[in-house]
Amino acid sequence: MNITAIVARDPAQATQRRGHRVEVDQVWKSYTPGTHVVRDVSFSLAPGEFLTLLGPSGSGKTSTLMMVAGFEDPDRGAIRVDGRDVAGLPPERRNFGVVFQGYALFPHMSVLDNVAFPLRMKRIGAATRRRAALEMLEKVGLADFAARRPRALSGGQQQRVALARALVFEPDALLLDEPLGALDRQLREALQIEIKQIQRRVGVSILFVTHDQDEAMMMSDRIAVMDQGQIAQLGTPDQVYLHPETPFVASFLGETNLLRGVCVAPEEGYATVRFAGAHGWARISRGRARPNDGDAVRVSLRPERIALLGANDHADCAVTGVLTDRVFLGRHTRLVVQALGQSVVVSTAALLAGSLDVGASVRLGWSREDAQILHET
Amino acid sequence: MARRDGIARGALIASCTPVLAFLLLPSLVIVPMALTKGQMLQFPPIWISTHAFTDYLGDPDWFASTVLSFKIAALAVAIGGLTGAAAALALHGKRFPGKGLVVGAIMAPIVVPLVVLALGGYLVFAWLHMVGGWIAIGLLHGTLVTPYVFISVQTSLVAALNPLLVRSARSLGAGRLAVLRHVIWPAILPGVAAGAVLGFAVSFDEVVIALFLQGPQTVTLPVRMFTAIQFELTPKVAASASLFLALSVVVLLTQAAAMRRRSA
């Protein structure tokens, strides 16, 4: 097989085959009466997009994926591909490529036969499917392993075979259910990059399920953070990280300070928040109900978005506090400061941090863009 | 220490050998008995001749009985294989009230005394005018084979069929029949084979049902042996019994091979 020919044809193919739009519209699912594992979930996977459902176990992310794949039926709501409702179709007639955590390769078939299997199911001739399967194995870098049994491959290789098998029949979208969960950390990171590269090459839409926030951040165009069967927030990785809308999102994605205060004079987009012993501006999420004057609120402030201020430095918000703990972690120093009537964690790379002693008085400052008023659920 | 270990091992061997001999001797005595020169089945045998084997295979009645037993066992395995495998597939992973009863009904032929099964079968087949035909024996043996296939297929389903394989296959475009052919069948094949081999052996040497349902043209090999031992005491009995011994060795070897493949 001519490798250069395949590689050269790739970009053209990618633009030609841009993936399809998958819509999940107000979907509900319950296994036991009274409790819903999926509650009113809606999102739209754009053609060629990488969308991740991120959440802890039991948040409904896998159930949602299984409903898209057709292994579960929603109690209510619609699932559409390019506007066509697929909710009544069995999985074999939905045209999604699904990859599971355990790879699920057929143990009695060679790698090549595994990849050719979906084409065989479509009654494509032996010669054609062999060529297409080899071509896809080439793309995941495993053409040399075509004749082997899956068992003779490493975990990472098996996962790439599973990807090739899920892509070879040009599915409307790729559905990945924690596909890297069983791999060790280094291999996982290598495959994260590889999956992104394969996606760019093939141009397929991907719906990805994971509980690993770093993985979600690294790979996704958009992230839907799920909590107790609902989407708590849907946005780009920087949106959900920098501007979390609920306490759950704020604390599930990395570390944060949840500052208690009282909302004063809310305006469009911002409000003044009165903390114990200080005032500060904070951001209000668009699209969420604005808190009222006098409401108790919590404000999320990421440790790395807080700056150590010198005597003459200015910031949107500045407070003075007492250093109670200092840990040097190499890339940054972690400080715990008693301020605003609570412990505030600060992560800073500033050299100044090294010279501070516990008990010293420090000035902290942050931009109002980084203080986010949370929507209490 | 080493000496005490040696003594302990010696005592172990000394106590085990008679037990093993007791278990094996009745089986092993058959082969030398078949190699006797004499015209009577007697112990100790007069060595050494293979005339018992040639007599056995040359006698048209004995030969017909052997063929019949193979035919019946084949039918029984076909029926039991189908029902046993189908039942295991149908019940796999399902939970419903009364499942225990269904499993009990499938296992019943092993538990119910053979005379009960044989008498019941006799009455039903007499009503159907089928007594004396080999099909009747094969059918009833089929019920006997079913639980063996059921158990071994069930075992291979649990051990070798990853539910994700089925889901994968379906998402890749395989309908129910294609899943059965490409995913489930390869997974249960060793179970079906092991159950079939065991079932074949069970049917081949079953004597109670075969006795109840026999006709002038349908005397199975074990039934003929049983009659021969009462009336003629010919060494052909020992020769045919050697055939059974060979068959059971085959059964044991296939099972051992299946176990090794599973653990590999």
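How many helices and strands are there in chain B? Let's work through that and a few more exercises together.

The model is predicted, so local features need pLDDT of at least 70, side-chain atom pairs count only at pLDDT 80 or more, and totals for chains, interfaces and linings use all residues. Residues are numbered from 1 along each chain as its sequence is written, while chains are lettered from A and ligands numbered from 1 in the order in which they are written.

**Exercise 1. Describe the make-up of chain B and the confidence in it.**

Step 1: Count the elements. Helices (H or I, at least four residues) and strands (E, at least two) are DSSP runs, numbered from the N terminus. Chain B has 12 helices and zero strands.

Step 2: Look at the extent. Along the principal axes, the C-alpha atoms of chain B fill a box of roughly 75 × 70 × 30 Å.

Step 3: Check the confidence with pLDDT, the predictor's confidence in each residue, from 0 to 100. The average for chain B is 87, and 98% of the residues score at least 70. Within chain B, helix H4 (residues 60-91) has the highest mean, 93, and helix H12 (residues 236-263) the lowest, 80. The model as a whole scores ipTM 0.78 and pTM 0.78.

**Exercise 2. Work out how helices H5 and H7 of chain B pack.**

Step 1: Find the geometry. H5(B) (residues 99-111) and H7(B) (residues 134-160) pack at an angle of about 120 degrees, with their axes 8 Å apart. Axes are lines fitted to C-alpha atoms, for helices over the stretch in contact, and angles run from 0 to 180 degrees between N-to-C directions.

Step 2: Classify the angle. Under 35 degrees counts as roughly parallel, over 145 as roughly antiparallel, 65 to 115 as roughly perpendicular and the rest as oblique. H5(B) and H7(B) are therefore oblique to each other.

Step 3: List the residues in contact (C-beta atoms, placed from the backbone, within 7 Å). From H5(B), Ile106(B), Met107(B), Pro109(B) and Ile110(B) meet residues of H7(B), among them Leu144(B) and Phe150(B). The residues of this contact divide into seven nonpolar, two polar and no charged. Here Ala, Val, Leu, Ile, Met, Phe, Trp, Tyr, Cys and Pro count as nonpolar, Asp, Glu, Lys and Arg as charged, and the others, Gly among them, as polar.

**Exercise 3. Describe where chain A touches chain B.**

Step 1: Count the residues. In this contact, 17 residues of chain A meet 14 residues of chain B.

Step 2: Find the contributors. H3(A) gives the most to the side of chain A that touches chain B, with three residues.

Step 3: Sort that side by type. It divides into 12 nonpolar, two polar and three charged residues.

Key:
Two residues are in contact if their C-beta atoms, placed from the backbone, lie within 7 Å.
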